[in-house]
Amino acid sequence: GNSGQITLTGQQGNILRWESSVDNGATWQPIVNVSNTQDYLNLTQTTQYRAVIQSGKCAALPSTATTITVNQAPPQATAGTDQAVCNATSTTLNANDPAPFAGAWTQTGGPAATIVNPSNPQSQVTGLVKGNTYTFTWTIQGQAPCGNTQASVNVTVSADVTAAFTADKTQGCGPTTVTFTNTSTPAP
């Protein structure tokens with residue numbers, strides 16, 4: 001959101017109207033206003049304003065233009081879904097494309113790992129160690145005065161499971177019920 005007021009000073013003659021342009025002055029749209037101030041509110045794109053002035057019998061002339069620059073807000077950052085990998089030392093992150101803005105990955109949790117290309121939304125991460133959870137944050141940088149947007153993803157690295165079980169009976173006569181107990185490591 002934005003709002004303000006432009007004030008014309010130092011002019012000679014009468015203000016006939018104000019004009020606005022959203023194409024860098026290629027075309028101008030008239031505004032019915034003969035005061036020395038022009039209000040603007042909630043502009044969605046960069047807009048120029050100028051006053052048209054006439055002094056006596058001289059031809060009407062425009063004032064110099066004032067530009068109100070509107071910077072768009074960055075898109076909401078999306079870091080992808082949490083990942084659970086088994087006995088892996090690397091994975092690929094999956095964030096949204098920040099274009100036309102810039103994005104950057106940072107590690108915000110877990111033991112030190114390497115983000116191969118921090119500005120790539122689909123960067124690979126290496127140096128992961130089993131038994132740890134890592135947190136990575138994707139930040140899309142906004143242009144002032146707009147703020148940044150951020151989202152985080154967790155990567156949990158588990159060790160390989162060694163399958164094992166025990167049976168409460170190893171032999172029986174006739175119909176026998178056997179109960180198996182999971183002794184796999186790490187424990188499920």
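What percentage of the 188 residues in the protein chain do buried residues make up?

## Burial and surface

In this predicted model, buried residues account for 30% of the 188 residues of the protein chain. The accessible surface of the chain amounts to about 11500 Å², and carbon and sulfur atoms contribute 52% of that area.

## Overall fold and dimensions

The protein chain contains 16 strands and 0 helices. Its radius of gyration is 33 Å, well over the 16 Å that the globule rule gives for 188 residues, so the chain is more spread out than a compact globule. Along the principal axes, the C-alpha trace spans about 120 × 35 × 25 Å.

Among the contacts in the chain with a separation of 6 or more, 53% are between residues 24 or more positions apart. As for charge, the chain carries 5 positive and 7 negative charges, whose mean positions lie 11 Å apart.

Thr91 belongs to strand 9, which covers residues 90-92. With a relative accessible area of 10%, Thr91 falls under the 20% limit and is therefore buried.

When neighbours within four places in sequence are set aside, the residues in contact with Thr91 are Gln83, Val85, Ser123, Gln124, Val125, Leu128 and Val155. With Gln83, the contact includes a polar one between the two side chains, at 2.4 Å. The C-alpha atom of Thr91 is also separated by 6.9 Å from that of Thr126, a residue 35 residues apart from Thr91 along the chain.

Notes: Residues are numbered from 1 along each chain as its sequence is written. This is a predicted model: local features need pLDDT of at least 70, side-chain atom pairs count only at pLDDT 80 or more; totals for chains, interfaces and linings use all residues. Side-chain values use heavy atoms; hydrogens and water are left out. Helices (H or I, at least four residues) and strands (E, at least two) are DSSP runs, numbered from the N terminus. The radius of gyration is taken over C-alpha atoms; the globule rule is 2.2 Å times the number of residues to the power 0.38. Buried means under 20% relative accessible area, exposed over 50%, partly exposed in between (1.4 Å probe, protein chains only). Contact means heavy atoms within 4.5 Å. Accessible areas come from the Shrake-Rupley method with a 1.4 Å probe; for residues, only the protein chains shown count as cover. Lys and Arg count as positive and Asp and Glu as negative; His and the chain ends are not counted. The place of a charge is taken as NZ of Lys, CZ of Arg, CG of Asp or CD of Glu. A polar contact is a pair of N or O atoms within 3.5 Å; within protein, one must be able to donate a hydrogen and the other to accept it, and residues adjacent in sequence count only if both atoms are side-chain atoms.
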